[in-house]
Amino acid sequence: DRFMNGQDPTTLLGTILRLDVDRTDAGLGYAIPHDNPFVGNTDGWREEIWAWGLRNPWRFSFDRVTGDLWAGDVGQGAFEEIDLVVRGGNYGWNIQEGFDCFRGSDCQREDLLLPVLQYGRSHGVSVTGGYVYRGQRLGDLYGAYVYGDFGSANIWAIRHDGTAITDSVRLVRSPSHI
């Protein structure tokens, strides 16, 4: 991200968008919801943006019970991360990667959100993301966020209490990539 797109809310790159596809605004093939975080700003920030500062959120999903938005964000060179995405949140790319300053630089992170979890290259190289399990068949997994890594073929489950991870377990190494 040599152009710092992740920290530039005037571009749609490095963001998660929230659009209304059931109606249109003038000049657009969609509408921008009126309660998006940057609607009406005077700084030229794209009003479609729901959250920003992401590198490559490969998969994201909503928890059907809580409405929480979970995302697996593929890292650059050291860490993969899992984020709980909130309205207007800045997840720090390319100032930080995971919990660390990107490329060892000293960084100002007062307004940046940290991931729920990060893992390094010894555990995987490309987080795929996942879903909060709300099914009936696997009762022990109910409410856990189940996610995988394409490179390592590992599949994990974590539990989060709204503040921190309370449980984390590797479930399986898939015989093939997910």
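Nine aromatic pairs are counted in this predicted model, where the rings of Phe, Tyr and Trp (its six-membered ring) pair if their centres lie within 6.5 Å; planes under 30 degrees apart count as stacked, over 60 as edge-to-face and the rest as tilted. Select Trp45 and Trp52: their ring centres are 5.3 Å apart and their planes stand at 55°, so this pair is tilted. Trp45 is partly exposed, at 27% relative accessible area, while Trp52, at 10%, is buried (buried means under 20% relative accessible area, exposed over 50%, partly exposed in between, with a 1.4 Å probe and protein chains only).

Proceed to Tyr145 and Tyr147. Their ring centres lie 5.7 Å apart with planes at 20°, so the pair is stacked. Both Tyr145 and Tyr147 are buried.

Five of its six residues are buried, so E9 is largely enclosed by the rest of the structure. E9 runs antiparallel to strand E10, residues 145-149, and five bridges join them (two strands pair if DSSP finds at least two bridges between them). Tyr131 has Val146 in E10 as its bridge partner.

Finally, select Arg134, which lies over the face of Tyr142, 5.0 Å from the ring centre (a charge sits over a ring if NZ of Lys or CZ of Arg is within 6 Å of the ring centre and within 35 degrees of the ring normal).

Residues are numbered from 1 along each chain as its sequence is written. Local features need pLDDT of at least 70, side-chain atom pairs count only at pLDDT 80 or more, and totals for chains, interfaces and linings use all residues, while side-chain values use heavy atoms, leaving out hydrogens and water.

Terms used
Helices (H or I, at least four residues) and strands (E, at least two) are DSSP runs, numbered from the N terminus.
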